[in-house]
Amino acid sequence: MDQTLGDFIKALRNADVRVSSMEAVDAHDVVDLVGYTDRDLLKHALALVLPKTADEKNVFDYTFDQFFKFDELDEMEMADQAVAAGDATVVPQLEESAGQEGQGNGGGGKGCSARTGADGEGTPDVTGAVEQAGLREQLSPLSQMVLAGDRAAISIAMAEAGEAVGLRNIHIFTQKGLYARRILEHMGLKALNNDITELRKRDGVAAAELAERLRKGREYLLAQVRDYVESQFLLHADVDGSHLREDILSKSRLTNIERRDYRMVQEMVRKMAKRLIAIHSRRRKVFDRGALDIRKTLAKNHAYDGVPFDIRWKSVKIDRPKVVAICDVSGSVAKVAHFMLMFLYSLNEVMPNVRSFAFSGRLGEVTGLFREHDVEEAMAKTLTEWGQGSTDYGRALQDFATLALNDIDSRTTVIVLGDARSNYGDPGQEIMKKIHDRAKWVMWLNPEEKNTWNFADSVMRKFQPYCHQVQVCNSLTHLERIVSMVLRSAT
Amino acid sequence: MTAVKPVQGAAANADAIEVIRAGFEKLGYITNPQISTSIFLAQNLEKPLLVEGPPGVGKTELAIATSNYLGLPLVRLQCYEGLDESKALYEWKYGKQLLYTQILRETLSDVLQGAQGLAQSMDRLHKFSDVFFSEQFLEERPLMRAMRAPEGAVLLIDELDKADQEFESFLLELLSEYQITIPEIGTMKAKVKPVVFLTSNNTRELSDALKRRCLHLYIPFPDAALERRIIAARVPDISARLRNELVAFVQELRALDLKKLPAVSETIDWARTLLLLHANTLEPEMVRNTLSVILKFQDDIEAVEAQLGALTEGALKAAERPLGTV
């Protein structure tokens with residue numbers, strides 16, 4: 001795959017358009033077919049292969065325009081204007097164009113031939129021209145390029161240097177200065193600086209003037225490189241650092257996540273829930289439609305000499321996951337419970353059959369709260385209403401039994417979130433046994449690491465026999481894995 | 001970065017797209033560059049084309065126009081909840097099978113004549129075992145019909161989002177390999193790959209696996225210029241003035257907050273209605289009487305009626321302005 005396309009796809013991915021490798025291959029085929037010559041055609045064609053939702057199309061449009069910004073036509077026109085102006089000096093030309101110049105990424109300029117023509121007449125000091133020409137010969141390639149004011153060539157050199165120093169890998173904004181310097185070094189800034197020093201040492205108006213022009217040219221070059229790095233950064237890097245932070249957040253322990261990150265975590269949790277739901281939600285509702293399943297009927301009735309005696313109907317019934325969650329919200333686990341509740345809230349939004357309960361000393365249902373209030377409020381209410389008092393598992397399970405035990409059937413998945421620290425009180429494992437016997441699946445999520453289980457007042461070992469699964473759950477990654485498991489086992 | 005690969009025939013391909021555009025226009029389907037490019041790519045990459053967009057922007061029409069354009073038969077599969085492979089792909093002709101077993105029962109003794117012992121009889125029967133699950137008993141459904149069409153076909157899988165998720169997964173083999181597997185017979189590969197269109201109204205998100213295998217075309221509501229051309233193509237008898245006015249009016253409606261925005265098909269219907277009523281220009285009274293053609297909810301109609309005068313006036317003004325400023 002060629003580099004330009006690869007970079008473009010990377011930029012798209014960076015902008016949250018999901019591009020699979022298969023689609024990347026398609027894109028490559030498309031480019032083979034339509035080529036880079038017709039910008040609109042390329043855009044239309046790629047828009048069919050890469051973005052796959054209306055939202056992504058918008059992002060694609062923007063990214064494409066940014067990425068393939070270098071517009072040859074404008075370039076030509078500007079060069080023509082420069083020729084027409086005639087007396088314009090090289091440096092002002094450069095400055096005037098600095099603002100408009102696209103940070104050329106996509107292609108070489110065709111305007112260069114026109115430009116070089118313009119610049120010869122453009123030099124104001126005709127008397128020194130011959131002498132200057134002699135001096136120019138001795139300068140470094142970069143200096144010559146700058147003096148020639150060949151913007152296209154500078155753009156190309158800049159892009160090449162960017163390529164050489166791996167600008168594509170730019171990650172966070174603090175690297176911008178570093179990359180700008182590297183690019184300049186690669187382009188030969190040092191030689192240019194030397195040239196300026198050398199020229200200043202010499203006598204003569206021509207040399208001094210040339211040095212001055214070089215200095216101005218260098219300023220222009222610096223500005224250009226900075227702009228270029230900036231634009232590349234916007235394309236390739238994770239601009240606000242959100243990806244990086246999401247990544248770190250999802251791996252750090254829930255208890256270590258600070259309050260200011262809650263909003264972000266909330267967003268992640270919602271995203272996660274959505275993704276899981278998209279994967280797991282089923283719409284199978286075909287049940288007893290009254291359609292005769294001829295294949296099965298024939299097979300079944302072979303024994304009766306082919307007389308359709310035992311009739312089979314088509315019936316498929318797949319249940320949506322029915323989930324009951326019991327959440328410890330007492331002080332010791334409150335932080336984790338926060339996330340668990342958040343997750344349950346998100347699940348509630350997308351899945352109809354989630355019942356949530358919260359407890360510390362006593363237990364109560366919070367499904368209604370979740371349904372009526374927005375997430376912040378619902379969680380705050382839950383915590384104030386049920387989060388006071390010390391944990392009493394026996395009592396809480398007793399409450400749960402009165403409230404909801406009858407609703408638990410062989411299709412229900414029960415999730416308990418708690419550290420199983422019952423303050424040396426009666427843990428109430430016999431109720432846990434009842435739940436276990438009735439439910440399809442019982443899962444215990446413990447925010448503590450395994451080696452602290454059964455230590456001090458933790459009674460995990462008493463509950464463990466009555467759970468189908470016991471898991472440590474203290475990071476978002478854990479949570480995601482677990483919920484995926486719940487959805488799979490429940491479907 | 002600057003490597004511009006000279007692709008052979010890139011210009012020729014641009015021409016090919018232009019040819020497609022002109023061809024579709026002749027058939028009365030006005031395309032934007034995006035649409036004609038999509039048809040071109042679908043043909044050349046041999047990939048199915050997934051068309052999404054609000055209802056009534058011509059998703060299904062596109063498939064029909066393509067079938068006309070290519071001169072291939074259109075095979076249409078309307079999706080609905082509960083659609084399964086026996087209705088989409090193939091079914092055995094059970095009735096015929098039963099009938100034949102009954103009829104052939106008599107001949108069974110002939111077949112078995114002279115056979116000695118059970119083993120030999122079984123052997124003889126095994127020779128006939130596949131008879132009942134052969135092509136004679138195969139009932140073709142749309143997907144298979146499209147795959148087996150000798151000249152190729154245009155396959156339209158309409159409103160895929162209405163079908164169950166399982167059906168979507170079932171389509172994957174067909175969409176990526178252009179082949180289908182029938183347990184009793186084996187794998188069938190399309191002789192000529194059909195041009196496949198899938199449409200979706202986005203009532204639910206289609207799976208990534210499916211989207212990955214398709215080109216994705218999103219058809220939005222057309223802008224005023226395109227819509228004028230569409231009306232001109234579909235309702236050629238209407239006067240240019242009225243056409244511009246009614247398009248401007250509909251464009252205004254789309255900017256409002258309505259339950260269901262009027263689509264192109266509704267604009268066309270409205271144009272026909274106005275033509276039938278011999279209207280020359282938009283008048284508030286006539287608009288009021290025919291509003292039910294473009295708006296399908298009472299709430300919407302009431303909301304628009306309240307500001308009918310202003311809207312009509314705006315449309316009349318907009319129609320006079322040259323297109324660039326609309």
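B:Gly186 belongs to strand 7 of chain B, which covers residues 186-189, and with a relative accessibility of 22% it counts as partly exposed. On that scale, buried means under 20% relative accessible area, exposed means over 50%, and partly exposed is what lies in between, with a 1.4 Å probe and protein chains only.

Before going on, a word about the model. It is a predicted one, in which local features need pLDDT of at least 70 and side-chain atom pairs count only at pLDDT 80 or more, while totals for chains, interfaces and linings use all residues. Residues are numbered from 1 along each chain as its sequence is written, chains are lettered from A and ligands numbered from 1 in the order in which they are written, and side-chain values use heavy atoms, with hydrogens and water left out.

Now the two chains in outline. Chain A contains 23 helices and six strands, and of its 491 residues 49% are buried. If we take the contacts in chain A between residues at least 6 apart in sequence, 74% of them join residues at least 24 apart.

Chain B has 15 helices and nine strands, and 46% of its 326 residues count as buried. Its accessible surface is about 15,600 Å², and carbon and sulfur atoms account for 53% of that. Among its contacts between residues at least 6 apart in sequence, 75% link residues at least 24 apart.

Let me turn to helix 4 of chain A, residues 54-67. This helix has 14 residues and spans 20 Å from its first C-alpha to its last, close to the 20 Å expected at 1.5 Å a residue, the expected span being 1.5 Å times one less than the number of residues. Which residues of helix 4 of chain A are buried? They are A:Glu56, A:Lys57, A:Phe60, A:Thr63, A:Phe64 and A:Phe67. Because these residues cover an arc of only 130 degrees around the axis, they sit on the same side of helix 4 of chain A, the arc being that of the directions from the helix axis to the C-beta atoms. As background, an α-helix has 3.6 residues a turn, so residues three or four places apart point the same way.

On the other side of helix 4 of chain A, the exposed residues include A:Asp55, A:Asn58 and A:Tyr62. The cover over the buried residues includes helix 1 (3-14), helix 3 (39-49) and helix 13 (205-236) of chain A, and also strand 9 (215-218) of chain B. At the start of helix 4 of chain A, a side-chain oxygen of A:Thr53 comes to within 3.1 Å of the backbone nitrogen of A:Glu56.

Strand 9 of chain B brings us back to that chain. Strand 1 of chain B, residues 49-52, pairs with strand 9 of chain B in the parallel sense over four bridges, and two strands pair if DSSP finds at least two bridges between them. Here B:Leu49 has B:Leu215 of strand 9 as its bridge partner. Strand 1 of chain B also pairs in the parallel sense with strand 8 of chain B, residues 195-200, over four bridges, and B:Glu52 stands opposite B:Ser200 in strand 8. From strand 1 of chain B, B:Leu49 and B:Val51 point one way and B:Leu50 and B:Glu52 the other, and all are buried.

I will finish with two backbone details. Most residues other than glycine have a negative phi. B:Glu159, however, has a positive phi near 55 degrees; it lies in the loop between strand 5 (154-158) and helix 8 (165-177) of chain B, and at 23% relative accessibility it is partly exposed. B:His278 also has a positive phi, of about 55 degrees, although it is not a glycine. B:His278 is in the loop between helix 12 (264-276) and helix 13 (284-294) of chain B, and its 68% relative accessibility makes it exposed.

How values were computed: Helix = DSSP H or I, 4+ residues; strand = E, 2+ residues; numbered from the N terminus. Contact = heavy atoms within 4.5 Å. Polar contact = N/O pair within 3.5 Å; in protein donor to acceptor, adjacent residues only side chain to side chain. Areas by Shrake-Rupley, 256 points an atom, 1.4 Å probe, with all protein chains shown as cover.
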